[in-house]
Each structure stands twice: as C-alpha cells, then as structure tokens.
Amino acid sequence: MFHWLEKNPFFFAVGVFLTIAFAGAVTILPNFSKSAQPIKGLKPYTVLQLAGRGVYIKDNCLSCHSQMIRPFKAETDRYGQYSLSGEYAYDRPFLWGSRRIGPDLHRVGNYRTPDWHANHMWNPKSVVPGSIMPAYKHQFTNIADTETAYAEAVTVKRAFGVPYGDDIQPGKAAYEKELKAKVLPDALKIATQMKNKDLIAKVKAGKIPEVVALVAYLERLK
Amino acid sequence: MQSNAAMEYDYSIVKLYMWTTVIFGIVGMLIGVIIASQLAWPQLNYMMGEYGTFSRLRPIHTNVVVYGFMISGIFVGFYYSAQRVLKVSMGESKFLMTLGYLQFFLYLIAASGMVISEAMGITTSKEYAQMEWPLDILIVVIWVIWGVIMFGLIGMRREKALYISMWYYVATFLGVAMLYLFNNMEVPTQLLSGGLGAWYHSVSMYAGTNDAMVQWWWGHNAVAFVFTVPIIALIYYFLPKESGQAVYSYKLSLLSFWGLMFIYLWAGGHHLLWSTVPDWVQTMASVFSVILILPSWGSAINMLLTMKGEWNQLTENPLIKFMVLASTFYMLSTLEGPIQAVKSVNAIAHFTDWIPGHVHDGTLGWVSFMVFATLMHSAPRVFKREIYSKSLLEAQFWIQTVGVVLYFTSMWIAGITQGMMWRAVDEYGNLMYSFIDTVNALHPYWAIRAVGGTLYFIGLLMFAYNFFMTATAGRKLETEPQFRSPMA
C-alpha cells in the first residue's frame, strides 16, 4: 500500500491529512462546549478592564507572567485558590503564559493595591528590591485605546453572546456615551487609588493613560 | 524520459531564500542574544524606550528565527532538493517560476509586517501565532502558493515514486495549513462594532480553556511541522547526498514517517499539564509524548546508520559533522521532551527555564545545524564555486557546539533550581523562598546562557562571511560535484 501511495501523490496527501487531523478532532471536540461555560457569577470584563487587557497584551506581559495557578499546595500557598476552567470563559485570547520569569498574576488583585502597582510599574525595584522587571514608564504617558476595547466588547457580545448590558451597542455615539458614563468614572476611581496626581489630572481631562487601564485589569484578577 | 545525463535545474528562487536565511538568522539570533543578556543584566532593557523591553522583544526573536531564518532555510532546501528528487526543473514552467518570485516577494512583505507590527505591540499574543488577521491572510496566500508550486512540480515529475523528503514536504504543507487556519480563527473587531477602533484588531473565536487547547495544538505542532518534519526532509536528502551513502533502511523510514504523522498531533496537550484542560486530555498527551520517542528515534537512527562504514567522513568533512551532530541533538531533544511531558516531572519543569532550554537544544543543535548544512551543501552546486573556507566551517562547528552545550546545561540547572525553590518548604510547612529569591538565584545561569548564545551567534557570523565569500569569491568549479562538497 505504501509503495502505491508513493506513486499517487493525491491519495498520499489525503492519507497524510487524515492521519494528522485525527488527534485534534478526538482531543479538542468532546469537551469543547463544556469548557466554554463560565463559572457562576462571572462578569464580563468592563470596557476599561478590556483596554487594560489590551495593554497587557501590547506590552506582552505574558512573556514573563503566567495566569494559571496549578493545583499544588506550593502554588495555592503562594498565589491563592487554584485556577478553574470557568474563570477563563471570557478570556479571548487566553493569557496563561508559558514561563514564570515573574510570579503568576491570576489572583494578583487579591494581594496588591493600585498604588503598589503605580510604584511598581514606574520603578519595580522601589517595591521589589532585586527585581529584574524593566520599568514601564511609557504606560504613564501613552493613552489607552478604549475605542478598540469597546469594539471588542461589542464584538464578543454580538458574535459569542457574552452577556453585556444594553448600553454596549455598535456605533460611535454608543461608544462616546459609554465612555462618559462608565469608562472615565471607572478610570478616575482607579487613578485616585493609584495616588498619582498626574494620572488623575489626565483622566479628568478625558484621557486614560495605559497604566490606569492596566491596573483596572490587574485589580480584576482575583 | 529517464536519462542519466545531468539535468540543469533553476536555482533563482533558491538563491533569494539563501540570502533571507542568512539575514533573518543574524537579526533573529542577535535579538536572542540581547534578550538573554537582559535577563542577566536588566539595565539592558532601556536601549530603545518601550520598544526595547524583554517583553516586546521576545516574540520578535521567536518569530524572526522561526518564520525568517528557519522557514527561509526550509524553502532553500525545498526549492533545491524537490527539483532534484522529482527530476524536473522549475525553469520548465514559466507559471511556477512566476509563482516562485511572487511567493518570495509576499514573504518579504509578511516578514517585515510581522517585525514592525510586533515591535509596535500589535499582536494576538498567542505564541508563534502573534500576527494579526491581515498578516494571517497574507501568510495563507503564501502557503497556498507554495502548495501550488509543490504539487505543480509533482505533477510534472519524471521520477514516478516520491522520495522520502517529498513525503515530509507534503506533510509540512498540509500540517501547517490545517493548524494555522484553525488556530487563527478570529473576528476583526471593526466588523461587528460599526467600524470602531483599530482596523487590524481581532478577537479569538475560542475563549479560555478552549483557546489554550487550540493554541497548544498549534504551538506544539508548529514545533512538529516547522522544526521537525521539514528538517527531516532536509536530512533525508542532504546527508545521503553529501556522504554518498544510501539511506540505511527504507522500512524504518516508512515506519518513522507514518508513526510521526499519527502520534505527533496528540502531544500538544503536554503544554497544558496541571492546567484546567480536561484531565483525560492531559494524560493522553503525556502517553503519546512518550510514544513519540519511537518515530523520532527511528528517523535519527536511520540517519546515523546511513553513515555505517563511513565514519571516517565525520573527521574529514565538517558538513557531515553538522548533520551527524544534528541527528544526535534530535535524539537528545526528543528524549528530553517526553521526559518533561511526564506529569510529575512537568510539575517541576513547567514555567521554568528548562523549557526554553529544551527548545534551544532542538532549534540550535538540530534545526539550525541542518539549515547550515543545507546552505553549504547547496552553495557549490548553486553558485558553481568551491566552499570558501573549510577551516572556518570547522571553527564554526566547534564554537557553536560549545555554545549550545553551555546554553542547555545552564538552562537545565536554572530550571530545576527554580522549580525546586518554588515548592521548597521549611520545617513548619511554610514556603521557604519569596518569588524574587528564586529569580535572583538564577543570575549565574542566565549569564552562562548569554555567553553560550553569544558563542553561537559568533559562529553564525562566521557562517555568514563564509557563505558570502563562497557565493562571490570561491574558486570556480567546472563540473558539479557528485557527493562531497569541495572546500578550500
């Protein structure tokens, strides 16, 4: 049979394809819908948190930080309750990471505060002596892209039925309304907790620095 | 038409990809040296503002070495060897030649787009699949063109049976196509939001655990179908050609090929052991990872035994050195991988430096060594010139070998040290070390790793010089060498 396949490239290719496609179908499909279920009480990300998630992705924090607490005592002692599948139901993409050059962040919101983050992102060594993490000072000047974050919320609501309220609607007008009603007030709350006058002033002027959005996201990780 | 007269093949596409192999190799590995040094000496993070941090540079390093250096090297091998094993010249079809140029041109656009967008932080964040949807579409086009060329050449072939290397090229094409399409299923966010936000942004079709499953089904099998399958295609062609030896066993090649095809795809879940993916998937991934030793070692042993009775070539010919050590590193790497996929070992190894250590003994020891051998074996036939310097090639081999050994040994120690420190408890059962203790303990190993990487990079520069001189100043050859590549 193999000799025959080698002389008949079309059937050879079909054979190879079936052989390699098999495993994916068997391992991914059976649990697909179950794995997509959120745990009870899980809320979708707010627009500000999504914008912060965007910053987390833009600066690729997952190069060094995981978001997956494994079910070992050493991990639950260090980071808290081990991670559950349903907690990730609104994570598109997932951000588990593959290397812990820094600590896991899946429940960082439980044990760090916004002003700790403010100091840490400005100068990591000031709060963690010996830290090798670079300072992310540009996040204090770059402005977060809340419009794209809003577009993301609308997209996952419409395409995947993520349970957002009626205020999340397509179009520029709906975005502007949400920005004034929710996103900016959320950001002001975080900026105030970060105890940084410069950040507060920027948010009051209608601009949300990246670090404020990022901290809103990190605060949500619990 | 079967004749023994030497055919003339068209190498114009081969030459183009040769240069991108060298250039992307230098760029990608230089960034690698920089980010390795940043871990040991963090002040190096501040050379280019927000664009110079470890976190931004790391995906650029991985993408440039994989999609720049390796893929270019694989295309060199393909466009060089496919013509020869099929006994058909690209030049016979104007259509295929045009497609070849078009593919190269689009490839340059995609590669530059990839570097620029990742530097700007435009990324889907999924490892080895960071590119956003516009680049994804471009890559699908490039890949389809490659498929048309491959099956076009196969359709025109004069050699009826497909040689082993062709099996692996076909598998590379199909495997990457399937995995890439499924993993990059995403919805552009402007589509449903009434045109809001960045035009290039998208969200994944899968969420959370499902996204992780699909991503590592891809991520692991990018390793399979970029770092392994096409590289086996290269060694099955270039080792017998350079040594003048017939492949040791046809049956072993068959067993290894079909075995690899069936088993590899199950193993993706071993990147997600102890995570929230279903336990049965994790166990299956573990088991199949161990079974994967069989076809992997099958290919490697088949290659080593091909040298049977001709081991003297190992001392005489640096290209044989590269290829034999490549097979050996392939064996090491495919034993190490399954060990890490055992759940109890993975509990320590996962999230540590042992994983990048494992990746690099495979990529530096196996993939890159085969790419160097491929370019150097082809050069005398493509440029009709002798290899410029044998002693430089020898020196490169030893410097890079020392570099790889320093790299993976330091990373093994670093990984196991950190894994053990994370779980260490004192007599009362409390954690013994704060996280930062476990980071600072790694400094010496990170420094050794940076030195190892630098040595490897120096070897690469020697290769680039040697290759450039071969192409432009090597002694002219009258006739094409049959087996061993002539070198001065």
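Colleague: How far apart do the C-alpha centres of domain 1 and domain 2 of chain A lie?

Modeller: They are 46 Å apart, in what is a predicted model. Domain 1 of chain A covers residues 2-30, while domain 2 of chain A is made of 47-60 + 104-220.

Colleague: Thanks! Now chain B: what does its secondary structure come to?

Modeller: You will find 17 helices and two strands in chain B. Its radius of gyration is 23 Å, close to the 23 Å from the globule rule for 488 residues, so chain B is as compact as a globular protein of that length. Along the principal axes, its C-alpha trace spans about 80 × 60 × 45 Å.

Colleague: What share of the residues in chain B is buried?

Modeller: Of the 488 residues in chain B, 57% are buried. For contacts in chain B with a separation of 6 or more, 82% join residues 24 or more positions apart.

Colleague: And how should I read a nonpolar core?

Modeller: Here is the general idea: in soluble globular proteins, nonpolar side chains tend to be buried together. In this structure, the largest nonpolar core has 213 residues, and those touching the most other members include Val212(A), Ala213(A), Ile235(B) and Ala326(B). Helix α7 of chain B (residues 208-243) gives the largest share of this core, 21 residues. Domain 1 and domain 2 of chain A each supply at least three residues to this core.

Colleague: Which residues is Ala326(B) in contact with, leaving aside neighbours within four places in sequence?

Modeller: Ala326(B) is then in contact with Ile235(B), Gly365(B), Trp366(B), Phe369(B) and Met370(B).

Technical notes. Residues are numbered from 1 along each chain as its sequence is written. Chains are lettered from A and ligands numbered from 1 in the order in which they are written. This is a predicted model: local features need pLDDT of at least 70, side-chain atom pairs count only at pLDDT 80 or more; totals for chains, interfaces and linings use all residues. A nonpolar core is a set of buried Ala, Val, Leu, Ile, Met, Phe, Trp, Tyr and Cys residues joined through C-beta atoms within 7 Å. A residue is buried if 20 or more other C-beta atoms lie within 10 Å of its own, exposed if 12 or fewer, and partly exposed in between; C-beta atoms are placed from the backbone. Helices (H or I, at least four residues) and strands (E, at least two) are DSSP runs, numbered from the N terminus. Domain bounds come from an automatic or database domain assignment. Two residues are in contact if their C-beta atoms, placed from the backbone, lie within 7 Å. The radius of gyration is taken over C-alpha atoms; the globule rule is 2.2 Å times the number of residues to the power 0.38.
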